[in-house]
Amino acid sequence: MRSKSIFSKLLFVPLLVLFTVLFFSLPILSQSKPSAQAVDEEYTRLIKEATTKPEFLSPLTSYLPRVEGVPTPKDVLGYIAGAPGKLTYYEDILKYMKALAKASPNVEVFPIGKTSEGREMVVVAIADSETMRNLQKYKDLMAKLADPRQVKTEQEAEAIIAQAKPIYWLTGNLHSGESGAAECSMELAYRLAVDDNPIVKKIRDSMIVLITPSVEPDGHDKHTDWFYKYNKDVTDSSKITRVPYWGRYTLHDNNRDMISISQPETQSEANNYFEWHPVVVQDNHESIPFLYVSSGTGPYNATYHPSTTSEWNLIAWWEVTRLTSFGMPGVWTHGFWDGWAPNYLFSVANNHNALGRFYETFGNSIGNTIERDLGERRFGPTSKQWYMPIPPYEKVLWSIRNNINYQQTADLQAFYFVATNKEYFLRNFWRRGSEAYKLGKNESPYAFVIPAGQKDPVDTAYLVNLLLRQRIEVHQATAPIGVEEGSFPAGSYVVRMDQPYRSLVVNLLGIQKYPQDAPRAYDDTGWTLGLHMDIKTVEIKDKAIFDAPVVPVNKPVKAKGEIVGGEAAAAYIINNGTINNLLSARIKLKDFKALAAEAPFEVEDKDFDAGSMIIPVSGASAKLHKVVQTVAQELSLEIVSCASLPEVKTHELDIPRIAIYHTWSSTQNDGWVRFAFDQLGIPYAMIHKDHLKKGNLKAKYDVIVFSNCGGRRGADIVNGMDPEFRGSLAFVKSKEFKHLGTPDSSEDITGGMGIEGVTKLQKFVEEGGLLIALQNPVRVPVDYGMVRGISIFDTSRDFYNPGSLLKAEVANCKHPIVYGFDKEIPLYRSHSGPLLRISSEAEKFVVVKYASEGEVCLSGIVKSPGEIKGKAAIVDVPVGKGHMVLFTFNPFWRDLSRGNYMFVFNAILNYNDLGVGLQE
Ligand SMILES: [Zn+2]
C-alpha cells in the first residue's frame, strides 16, 4: 500500500544528514538552575530523599524553583509529587491544576469532555503569557496548516510557519495502574509555568504544551481507592492486587479505541486533537525499566508517511542521548512495540499527519518504594545494547519519585527538541497533509465507494459516522454513478482521496498485509472496516469518480426508518439482513407476538431472508401500528406491511431474559459485550460467580452470554483468582472508598464459579437455557464434559493468527444462527482462542466453519493456515432441553466486529427454537 509516489521526491532529506544538522544546531545550554531564581529548599530536599540513587535524578528535576504567589504541588496537596506512599485522587489533581492556573498567567485549564462516570476531563495549556492571551490565533494557524486546500504552496506555508507555534500534547495515566504520569503532571506543569532554567524558558517561549494528567480519571480513582484499601502496606511487588475495573466498558482496551472512537473518553481526546492540531501527541505509560521511548521495531504501518516513522526515531534518539549523558541508566528505544496497528490513543496524531508516540517508564503500580528484581519477569534487556547505552540494574530499590524524575526529564527534553526545531516540525506537518492531498488527486485509488442499498443500512450508516468522527471527508451521490468498477445508485457514499487524511482512508478501508517474515505483531494485524462490519466498500481506480455528482456529508447520517405500505392488514415484516437492531426491535415489541420465518420468502414483490421477523396484526391493531412506527423510526428499520400472512414456515420469537457473565480475573472483554448491548438498547443482567453459585438460573434467565476471558485451561476460568493469595478482596462502594463497586460489585472477587458453578450452568442448560460461550470460555463446557464429542484442538507452534480478518462459510444454512448471512462471511479472530476437534458424531452441530478452500486470511496474517481451514467457528450442541453455542472467535471485538454480532443476536432471538436448525 505504500505507494512509490511523490513522498520521496518532494520531502525526503536523508535522515542522517538532517539528524546531524538538528543536533548540532541545538545550543548547548547549561542544565543547572540559574542562580537568580529562588529555590524551594524543602521541596528540593524532599525530592532528593524520595529518589533512591543520585543517578535517578537529573539536573532538570534536582530542585524546584519557588515563585511567590504560585503554589507548588506541596502547597496544595501537603506532599510533593512522588512522595513515598502517596497517590493523589483525581479531584485533587484538578484542584492543583486549577490553583496553578489561577496564580500563573502562563497556565490555563480547559474542560474537554466528561468520562463515562461523569468526571471532567481536562487539558492544561502552558506557554508564555503573551502566547496564552492569543491561544485562538495559534489554534487557527495550526488548523490552516492542517489543510492543504487552505495553504497551497510552500511560500504560503512558510508565512504561516513563521507565525505559528508548535503544540505538544502530553497525556498520562491512560492505564489506571500506571499512576506516575498523573502525579508527575502537576510538578511538570508548575515547572513549565515558572522555571527560568534556559531549557524550560525556551520551551515556554517557543511552543504551547498541553497536559492531560489522566485520560482515564474513572479508573484512576478506582485504582487510588484500591491502593489505600489493599496495597498501602505492600512492599513486595508480587503481592500487589489489582482493581478489577477501570472505565465503565474498557480496561486496557481504552488504548485500542482510536479506530472506532466509541468511548466518551476517546471522543473527548479526538475532539481535542482537532481543536488544537498538536504536532506531537505523547502518552506516558509505565511498564518496563527504566524509560523506553517509542520508535518501534517495525513493521511500521504501511500508510504512515516515511517522515512520520523517521521522526519517531529522531526524537527518541535525542531523549536517549540526553538522558544517557546525564548518567541516567536504562533509557532506550527500538523495541517493545512494532508501529503497525493504528488503534492506540496516540494514533490520533499519526493518523492525521502529526506524530503520535509514547513512553514506557518504570513504576511499581502503587505509591510505595519497592525492591525490584528485573530478572523476576521478562522486562526486556538488562545488558548493554546498541539501542540502550546504559542498561538498567538487575536489582533496584525503586520509588515513584524515580519514575517522575525520569519521565519529567525526558518530557522536557522532547519539548525542548521540538521548540528548538519548531519550523521543521511545523513544515513536515503541513507537508504530510499536502502530499496526501496531491497523491489522492493524482494517483489511484481515487476513492472508495460505500454503495447504497446494502442489506444492512444501519451498519452502513455506522461506518460512515465512524469516518466522520475521524474527520475523513465523505460525500454522497445525488445521482447514479457509473465508473469502470460498476454503477452505484444515488445515495451511495463516496470517500474521495483528494483530502488531507487520504492515508487514513487507505488505512481503514484498505486491506492489511502483515509481512510474512516479520516478528510477532504487538496487536491486531488486520482491521479493514468493511470486513469487520460486513459492509461492501469498493476501491475505485477510475479517475472519472471525481466527476460524480456528490454533496458533502456534514453531519452524522442515519439509515431511513419507515413503514412501507401504510397500516398493515395482516402483518408487518422486518427483513433479517443481519441488522443488529432486529433484536432491539423484538425487545421494543415485547407486548406483541412475533414470528421468525424459517426460510427465505417473497411478499409484496420483496425478497425476505430466513429469520425475518413477522409481526401478525390482531386485536389491538392501533396500538401495534403506533409501536411499529416508533420502532421503524428509532431503529432505522424498513418495515413492510402486508395484506396477507406470507406462506412460510415460522416459529414464535419469545422475549429472552438475558444475562452477561464475566469472571473477576479478566474483565476486559465483557465490557465490549455490554457496550454493544447498551448501544442497541438490549436489556441484560450483569452476573458473576456469586450469581452462578446461587443457582436456580433457569428461573431468572433464558440466555447466558459467557464473555471472553483469559485462562489456558477450563480450570483457570472456573477457579478464578486464588483466594489464598491475599485473602478475600471486596470490590464494593463504601463511605471511605466511594469509587469502588462499579460497574459491578462483589463482597469477594477471589475464587471462581468452582465445580458448583459448573454444575449450576449445566443444570441451566438441561432445563432449557441457552449458554453462549464467546471464544476462550468454550474451554469450560469442553474440559468439564458438558458437551460430548468435542475437544480442544492443539495447534502447532507454527500456527499464527493474531487479530486478523478471516473468511468463514456457512456449514448449516438452515440454522437460525446464520439467518440473514451470506454463504461466505468475513469474521475477526485472534489466536488467543482455542480451536476445536469435532468427532464425526458431533459434526452435524457445526453451524459455521473457517473457509475450507482458498485463502482463509482476508486482511492481516495467518501463518500455517492449513491448521484452521475447515475447522469449526460456531457449534450448537443440544444438551437436555437447552443448547450450548460455542464460538471459537470473539464476535464482540472492540466496537469493530459489528458484522459478527448477529450470530449472537440470532441465537438469542431464537433461543428456544435453535433445534429447527438441527433437524435432519
Ligand atoms: Zn499503559
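**Zinc site and nonpolar cores**

E178 is buried, with a relative accessible area of 12%, where buried means under 20% relative accessible area with a 1.4 Å probe and protein chains only. The model is predicted, so that local features need pLDDT of at least 70 and side-chain atom pairs count only at pLDDT 80 or more, whereas totals for chains, interfaces and linings use all residues. Residues are numbered from 1 along each chain as its sequence is written, and side-chain values use heavy atoms, with hydrogens and water left out.

The zinc ion is coordinated at 2.1 to 2.5 Å by H175 (ND1), E178 (OE), E178 (OE) and H285 (ND1), donors being N, O and S atoms within 2.8 Å of the metal (3.2 Å for Na, K and Ca). In sequence, the donor residues follow the spacing H-x2-E-x106-H. H285, in strand β5 (residues 280-286), and E178, in the loop between β3 (167-172) and α9 (180-194), therefore tie together parts that are 107 residues apart in sequence; strands are DSSP runs (E) of at least two residues and helices runs (H or I) of at least four. H285 is also buried, at a relative accessible area of 4%.

The largest nonpolar core has 166 residues, of which L192 and F415 have the most contacts inside it; such a core joins buried Ala, Val, Leu, Ile, Met, Phe, Trp, Tyr and Cys residues through side-chain atoms within 4.5 Å. Helix α15 (residues 400-420) gives the most to this core, with eleven residues.

Conventions. Buried < 20%, exposed > 50% of the residue type's maximum accessible area, 1.4 Å probe, protein only.
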